[in-house]
Amino acid sequence: MSQIIEPIAADPVRVVVPRTLAASLAAACTTQMECHRWSAQNVAAARTVLTGGGAQMLLSALAGRLDRSDPSSAGWALLALPATLGNEELQVVAAGVLAALGRPFNSIRQGDGRMWIGQETTSVKEAASFGGTGAQALHIDAPNVEYVPEYTSLLVLRGDPAGGGASLLGDLQAAMARLDEGDRQALREPVFFEGKAENLRGVGAPRMPFPVLEDDQDGQPAWVRWAGKMLRDPRNTGRTAVLERFAAALAQTTVAVTLGRGQLLVVDQRRIAHGRTALGPHQGLADGKRRWITQAKATFDPAAPAHQVLAGAAAGRRNDA
Ligand SMILES: O=C(O)CCC(=O)C(=O)O
Ligand SMILES: [Fe+2]
């Protein structure tokens, strides 16, 4: 890990969502869904709040950190929502923030119909899984489908009381640039496997095997369909050397952030892989006391307010030239 970003209040990477703005989003929006997507009415209501004044700082910070046309921008953003809000309010406000980028949705089919998925951590689950207690190798979510979710996000309802579970962020594009062209060519072959691509929705058909590196035609960053788990997948036997080299390059770019209650990590999946360190000792932690993190996805919508901020800035630069 090249850098540890400490969670201090003055941390410049932390974008504060002001209490009044959070209250306005919570008042205007609900948990209402349309199938697997946040309802169109909620998206419209959130965008009315976000463009109505009082959100300019948030929009420009979000836009600046997630600007795909600027490779030096971070590709991820960490937002601090008011931690005193209730869990449902936090989820509504966080969905409102995601609506600044696209349409929030949930790509995993589950029974209760809610958008934010995720239960309290349990040692009953496989350690490396969502809601498990172990480390999770860097990955993008749903690398093995036709339409990889453009953004993924993690909303923390309870940080790890045992002091572990830091979030890891690795720069896929920078890591790819560190490889030689021969390796990149090998990663363009549609021969790689990861997971099962089951119980998903809003992401098109399963795509397996797939190319790790998928150059893009429309000027967006290339997809890097990556999951550290691929290294140990027997279906990738014979191709692990190039995967190892990519994993090593990615490790060189990786930073860690520790998230607490109310914090929302938004990640551009075209640019950044995420993972986590192992949680602290969870044995003996009672129900209601263990780490609790929830996740939702978002599409990329050029009409969304944060992208409009960037389009406006680009038009301004053209007029000045
Ligand atoms: O638990 C975490 O911090 C991350 C979980 C995650 O990224 C996943 O399960 O896909
Ligand atoms: Fe993930």
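The crossing of helices H1 and H2 is right-handed, a term that applies when the near helix is turned clockwise from the far one by less than a right angle, anticlockwise being left-handed. This is a predicted model, in which local features need pLDDT of at least 70 and side-chain atom pairs count only at pLDDT 80 or more, while totals for chains, interfaces and linings use all residues. Residues are numbered from 1 along each chain as its sequence is written, chains are lettered from A and ligands numbered from 1 in the order in which they are written, and side-chain values use heavy atoms, with hydrogens and water left out.

Helices (H or I, at least four residues) and strands (E, at least two) are DSSP runs numbered from the N terminus. The axes of H1 (residues 19-28) and H2 (residues 40-50) come within 9 Å and cross at roughly 155°, the axes being lines fitted to C-alpha atoms, for helices over the stretch in contact, with angles that run from 0 to 180 degrees between N-to-C directions. That angle makes H1 roughly antiparallel to H2, where angles under 35 degrees count as roughly parallel, over 145 as roughly antiparallel, 65 to 115 as roughly perpendicular and the rest as oblique. On the H1 side Leu21, Ser24, Leu25 and Ala28 meet Ala45, Ala46, Val49 and Leu50 of H2, contact meaning heavy atoms within 4.5 Å. The residues of this contact divide into seven nonpolar, one polar and no charged; Ala, Val, Leu, Ile, Met, Phe, Trp, Tyr, Cys and Pro count as nonpolar, Asp, Glu, Lys and Arg as charged, and the others, Gly among them, as polar.

Leu59, Ser60 and Ala63 of H3 make the contact with Pro305, Ala306, Val309 and Leu310 of H8, and the residues involved divide into six nonpolar, one polar and no charged. Within H3, Leu58, Leu59, Leu62, Ala63 and Arg65 are buried, where buried means under 20% relative accessible area, exposed over 50%, and partly exposed in between (1.4 Å probe, protein chains only). These buried residues of H3 pack against strand E2 (14-16), H1, H2, strand E5 (76-80), helix H4 (87-98) and H8. Gln56, also placed in helix H3, counts as exposed at 51% relative accessibility.

Turning to the metal site, the iron ion (ligand 2) is coordinated by His139 (NE2), Asp141 (OD) and His274 (NE2), at 2.1 Å. Donors are N, O and S atoms within 2.8 Å of the metal (3.2 Å for Na, K and Ca), and water is not among the atoms, so sites may look incomplete. In sequence, the donor residues of this iron ion follow the spacing H-x1-D-x132-H. His139 is buried, with a relative accessible area of 13%, and Asp141 is buried as well, at 12%.

Some backbone features lie in loops. A cis peptide bond with omega of about -5° joins Met208 and Pro209, and Pro209 lies in the loop between helix H6 (181-187) and strand E10 (213-214). Asn199 is found in the loop between H6 and E10, and has a positive phi of about 60° although it is not a glycine. Cys35, in the loop between strand E3 (33-34) and strand E4 (37-38), has a phi near 55°, a positive value in a residue other than glycine, and is exposed, with a relative accessible area of 62%.
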